[in-house]
Amino acid sequence: GAGLHHGASLEFALESEGPEGGLGKAVRLGRRSADIACLNQLRQLVAQLKPWKAETDAADDAESKPVADNKVSDARLIACLELSGPPKAIKRSTHEERGSRIPLTLGGYCGVGASGVEVAEVEFSANADGGDGNTQEQLEERERIPPGDMSLLPLVAVRMLQRRASGSAASVLSVMLATSEDGGGKDSIASLVPVLIRCAGSLSLNLDALALKHEDDGDSVGKTYKSQYNHCQLLECTLKTCYYLLKGLKKVGVTQYRNTELMHVLLLLADRLQSGLVGANPVITGSNPEFRLLWRSCIIWTCSVFRVWVQKFPNCAGGQLLQPLLRHGRVLPKHFSAGLLLLATCGKLDFLSSTANRKFELVPGRKGAEETGVSADASVLQQSPSFLLPASSLKCSVATLISRATTGKKEVKKTNQGQIWSSENMDEDWEDSARMSTLNCDSLVRSLSKQPHTVAAAGALGLVARVNGRRERLCIADLAELTALVAQCSLTSDASVHLITVGVLEKLLDIGLPVLEAILQLAEAALSGFKAGSAGDVNNKGGEAAHGEGVASGAEKEPKDRRTLARILMLLAHFAERGPKARKALLNAKAESICQVVLAYNQAVLPQTATTSAVRILMLMYCSGSNEDAGEHAPGVPKVRMISKALSFRLNRTLEEDGGRSSASTTAAALELLNRLNSTKNMALNLLFTPSGEPRGSAVPVSVTPAFRLGVCKTRIVTELDAAMESLKSSPKGSEEAAEAEERVMHWMYIARLLVRLLVQVTEVCSNAAVLLNILSSGTPAMVDTVFDDFAQVLNKATVLKTQRGVVELQAIYLVRTAHHLVSQWRDLEKDNVSGSVPTFLQSQDLAPPKVLYSDPGAATGNAVDDPPSSDDSAVVHPIVAKVFEATAELEADVDWSLVAELDSAEMPIIDGVRQNWEFDGQQHRRKRQEAIQQAEAERQGEGEKTTSP
């Protein structure tokens, strides 16, 4: 309060005049304000140091040591973590038989039955502490704004514990066992859990809503901000301490660590941190950069704690950690982002697989393998219960996930495959000790069982492990729901969830889940509703595209499905950018088929983002520019010809066929892909010629059948470029219209340069003018002297433009010179070939498929979800989370994404010319319910009188 008051006085002093104002007065007030703020901080520090103040203050000075020389014990630091008053616990059930369980359980999750999925929440009531004498009004104030006074928060104690926990294994063990002196029976991590719960309570979304109610009360909003800021400082230190303690437990030889409370609070923190406006959307909140960085640091360390817990103790991580994460992340839509972020940053999931090879399949229907007629097949190891899988943007379908053995070994157990269990035979697994033996993997149990006098203790601990292991299982039902979750999130319009889903997708493909197939089925479902004006077959039986002029020309589609398809294609394009492994998965799933179908539709039917993303996917799959994977996945000649024909069909659409809409980005992407496909001599010749007979030695008879033509494309470029230059000339200089027109001219100038570059590449490969003119023909034969007349004419206009930067003029001059050089080259080739005949034979080595389709050593190969293992797991999590926030900001600023992520209108439909209205009257609704209850009661009494009458 004092700081704010003197800040206002300082501002007044600077603006006022006379003896009370002036610069000198402002400086004096500023110094006083800084002194008061520093004094407040020192008082807070003294208040935090009071709990471990030396007890020998009253002793003689000669016999006692200075306080600075006394090292505070670990037990004293742990004792300082005791918080005064709630919130510091998770809500528990008030039912006598379920006192230790969480009261909120949600259903709708396959495989859990009536038990439901537990969702933790912070307990603000004083009942959890046995009462603290606070009134109901005080409790409501604490729930709205938990106490954020730094003198009440153990920040110094936690920082000292963090420093000691980051040391050697001996110091970690000393900190972990520090609480055993007072007989509490809790380790240090369990003592830190209440601190994490207090921080989670301060980050509640209710704070934002209640602060808006008190927007006129500046003091209330200031308390909220101060409470969240101070608790974030404490949260960051506490998470770091937990991280170092978990990491140190692995060093001292601990093979398993179980803490259900810590698991619940990590999920709770991830939800509230990821949902908070401060870190997720700073543009809306306008928070200061320091607070925003602190908020994001808390997200990073939450993910780091979960990652080190999973990777350092992988033996039972499937049931103890991943199972509650998957169920928590699936049960509510607001948990999607946080659950997927924790999964994307938890590291490799190789420990889930067993020694026996398996293959997962999605089977439609409720009966799963029985509907396919292979229920008696021994290869079916596991089968999930039926679950709902998204089938389109509006519908779901019932499906079943099954697991098959690929090794053919019949002796493989059907109930336990690594850490993935079947949802059935729960009672049989409990009785079969051999199947449950994998749960007793704790080294302490094995050591105790070797000594006769400790066998009983080993048996008791083994029983506890069996009971916990029966509940903590990662079932195949969890993997089925995870598949449905990722498929559902592929349709999202949230940029953050969209990018996190891309990271999770690669991780799930590593363990073999058929997630990519489900996403491609959603894309096909979005396309299946198109109503073509005239029938056309995109892919004929011969494997090459046969595109008719009327294909999908009159197609109609709901705007929601158009945007859904565009978002799915953008997700696949982002996934393909992640590296060779992702591109190989797209190749195996045959994602190029859906891309070729998308290229068949015009711009009036599909948004430009969809077609551009389809071209990008094809470019990344086949021409990524990576030497490591290009040779391994180089496509065959038939597939490249099919792709070239699809691109040619897309490029040679007139402005009228596209519904009058410009397609600059799609045209540029298609020409860039054609340039890459023709970058090697062998593939370029295969795109111009096809074998027409049996080889004669090393000579192969060929015929001229170009897989692409560019005549209409050249005319379209000339038309669009001329219109853009006319718009630039008519716009006032220095206006926004002129800047937009100049940007449009530069874009189409870049497209013209791509066209010229492609023609130069083809000219270097083929030295026959007739073949080259065949590429630029558009219905009528092209002549060498006139083929570039319209092109040169519009470029000559561009050379005299007077733009601000002058880049357009230089590019136009370069293109004019290149076009003249091409014409002279073709004229010389035409003179050399007087007969005008085309080649009929080519050498077999020239038609051999190239091993590398496109090679660019400087091209990036993408970034995988998990970098190579590092000695510090937090160093791996930090770039992943930072990249998500950076990419989210870029995607939200992208115009194409904003067009396809637009929310659907909430207006009611128009029926018979009248727009329907939403109607809901609470009193009327209650009256109708009361009348229905009274009528049912009257009918029941009437039936009772009939049965009792003589």
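Y229, F291 and W295 come together as one aromatic cluster. This is a predicted model, in which local features need pLDDT of at least 70 and side-chain atom pairs count only at pLDDT 80 or more, while totals for chains, interfaces and linings use all residues. Residues are numbered from 1 along each chain as its sequence is written, and side-chain values use heavy atoms, with hydrogens and water left out.

Rings of Phe, Tyr and Trp (its six-membered ring) pair if their centres lie within 6.5 Å; planes under 30 degrees apart are stacked, over 60 edge-to-face, and the rest tilted. By this rule there are eight aromatic pairs. One of them, the tilted pair of F788 and W826, has 5.8 Å centre to centre and 40° between the planes. Because F788 lies in the loop between α33 (769-775) and α34 (789-799) and W826 in helix α35 (residues 807-832), this pair ties together parts 38 residues apart in sequence. Both F788 and W826 are buried (under 20% relative accessible area, 1.4 Å probe, protein chains only).

Of its 16 residues, 14 are buried, so α21 is largely enclosed by the rest of the structure. Just after α21, G512 takes a positive phi of about 95°.

Terms used: Helices (H or I, at least four residues) and strands (E, at least two) are DSSP runs, numbered from the N terminus. Buried means under 20% relative accessible area, exposed over 50%, partly exposed in between (1.4 Å probe, protein chains only).
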